[in-house]
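This report describes the fold, the core and the chain contacts of the structure shown below.

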Amino acid sequence: MAGIAHLAAGLLALMTTGDGLKTIAKALVFGLATIGPTVGLGIVIGKAIEAMARQPEYAGTVRTYMFIGIGLIELYALIGFALYWIT
Amino acid sequence: MTLVSVLAAFEKPSTSDFVWTPFFRVFGFPVNWIVVMAATTVSVVVGLFYFALRKGKTVPGRLQFLAEASVQFIRQTVVMEVIGPDGLVFMPLLVSLFIFIFFANIFEVMPGNTTINSRVAFPLVMGVMIWVIYNAVGIRKHGFFGYLKVQCVPSGAPKLMLVLLIPVEFLSNIVVRPFSLALRLFLNMMAGHFLLALVFGATVITWEAGIILKPFAVLPLAVSVGMLLIEIFVAVLQAFIFVILSATYIQSAMVSEH
């Protein structure tokens, strides 16, 4: 029990000093940056699959444009990842 | 060793992984590991096409089939699908970009290695190259001001909105594109390196951290192998996305109506 209390106190000290807060902020930046693009990717890929199932003869075209959309969206998550390393 | 001491000895992956000291200098230019890998990639690409197409046969062998399939793939899925028959002029460019980026990326999954694309220089040069090409194509087709009109003035927008739309379109269509192309490739490769370093590091830590934890090293190892496969997929995907976005940009400069 004393060990757990000691660990919790240590963690609290780590979290509230400058470096700990910085680490948490960095992790939050990346975590928040992934939310939007992930939802967007889900919508793009889901709609593409829907379109392919509806009209299999256009599957090739749909796939091409799906990849264009993926490429455009995914950049924003990656910018969040870059911010993690810059700060 | 205990878990704490193993964790303390673990060298966290950081951006310093991509900085290599030069081995020697040629006429003042430093030659480091990145340059060696770039040379290797170029010789692999050139060698593949040289040996595949040296003696072209009607019924292709394995190597010739590989080369022909990659050309055919880009021709069908990128050039014909996105630009149309007008874009066949750009097919050699797009094919060589695809093959070069793919072989450069695949070096990432070699243990202890990074790729030339995990430094920003190579992606940025390729992005600027594409930027010059699509702007040149557009200016040649429409003239300088005609091209600016095609890229920056969306047709059918109300007159009042143009004040807002023209700067936004100019930024997104002309200024940002080379950087977004470069950053997408570069950051993907960098993130891939960190991911692989972390999961394989976790495997080593679990294995080293005492006899009780040894059986559990199987779990991070399985994740590591999965990540390796994902990274191979990402290498192909990023090469494809780079090429297909380049084709889209060239197409957007060639169309007459925006």
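How many residues does the largest nonpolar core have, and which residues have the most contacts inside it?

## The nonpolar core

The model discussed here is predicted. Its largest nonpolar core has 45 residues. Those with the most contacts inside this core are B:L94, B:F98, B:I101, B:F242, B:V243, B:I244 and B:A247. At least two residues of the core are supplied by each of the following: α3 (59–86) of chain A, and α2 (33–53), α3, α4 (91–106), α5, α8 and α9 of chain B. The largest share comes from α9(B), with 13 residues.

B:F242 illustrates how this core is connected. Apart from neighbours within four places in sequence, B:F242 is in contact with B:L97, B:I101, B:L181 and B:L185. One of these partners, B:I101, is itself listed with B:F242 among the residues with the most contacts inside the core.

## Architecture of chain B

Chain B contains nine helices and two strands. Read from the N terminus, its elements follow the order α-β-β-α-α-α-α-α-α-α-α. The radius of gyration of chain B is 23 Å, whereas the globule rule gives 18 Å for 258 residues; the value is well over that of the rule, so chain B is more spread out than a compact globule. The C-alpha trace spans about 70 × 55 × 45 Å along its principal axes.

Of the 258 residues in chain B, 27% are buried. Among the contacts in chain B with a separation of 6 or more, 66% are accounted for by residues 24 or more positions apart.

## Architecture of chain A

Chain A has three helices and zero strands, and its elements run α-α-α from the N terminus on. Buried residues make up 6% of its 87 residues. Of the contacts in chain A between residues at least 6 apart in sequence, 72% join residues at least 24 apart.

## Contact between the chains

Between the two chains, 15 residues of chain B are in contact with 13 residues of chain A. On the side of chain B that touches chain A, α3 (62–83), α8 (177–208) and α9 (218–254) of chain B each supply at least two residues. The element that gives the most to this side is α8(B), with six residues. Sorted by class, the side of chain B that touches chain A has eight nonpolar, five polar and two charged residues.

## Packing of α5 and α6 in chain B

Helix α5 (residues 121–142) and helix α6 (residues 144–152) of chain B have axes that come within 7 Å and cross at roughly 115 degrees. The crossing of α5(B) past α6(B) is right-handed. On the α5(B) side, the contact is made by B:G138, B:I139 and B:H142. On the α6(B) side, B:F144, B:G146, B:Y147, B:V150 and B:Q151 take part. By class, this contact has four nonpolar, four polar and no charged residues.

## Individual positions in chain B

B:F27 lies in the loop between β1 (24–26) and β2 (29–31) of chain B. Its phi is near 50 degrees, a positive value in a residue other than glycine. B:F27 has 4 other C-beta atoms within 10 Å; a residue with 12 or fewer counts as exposed, and B:F27 is therefore exposed.

B:G112 is found in the loop between α4 and α5 of chain B. With 7 C-beta neighbours inside 10 Å, B:G112 also counts as exposed. The C-alpha atoms of B:G112 and B:P22 are separated by 17 Å, and the two residues are 90 residues apart along the chain.

B:Q64 belongs to helix α3 of chain B. B:Q64 is partly exposed, with 18 other C-beta atoms within 10 Å. Leaving aside neighbours within four places in sequence, its contacts are B:A52, B:L53, B:G56 and B:K57. B:Q64 and B:G28 are 36 residues apart along the chain, and their C-alpha atoms are separated by 40 Å.

Technical notes:
Residues are numbered from 1 along each chain as its sequence is written. Chains are lettered from A and ligands numbered from 1 in the order in which they are written. This is a predicted model: local features need pLDDT of at least 70, side-chain atom pairs count only at pLDDT 80 or more; totals for chains, interfaces and linings use all residues. Two residues are in contact if their C-beta atoms, placed from the backbone, lie within 7 Å. Helices (H or I, at least four residues) and strands (E, at least two) are DSSP runs, numbered from the N terminus. Ala, Val, Leu, Ile, Met, Phe, Trp, Tyr, Cys and Pro count as nonpolar, Asp, Glu, Lys and Arg as charged, and the others, Gly among them, as polar. The radius of gyration is taken over C-alpha atoms; the globule rule is 2.2 Å times the number of residues to the power 0.38. A residue is buried if 20 or more other C-beta atoms lie within 10 Å of its own, exposed if 12 or fewer, and partly exposed in between; C-beta atoms are placed from the backbone. Axes are lines fitted to C-alpha atoms, for helices over the stretch in contact, and angles run from 0 to 180 degrees between N-to-C directions. A crossing is left-handed if the near helix is turned anticlockwise from the far one by less than a right angle, and right-handed if clockwise. A nonpolar core is a set of buried Ala, Val, Leu, Ile, Met, Phe, Trp, Tyr and Cys residues joined through C-beta atoms within 7 Å.
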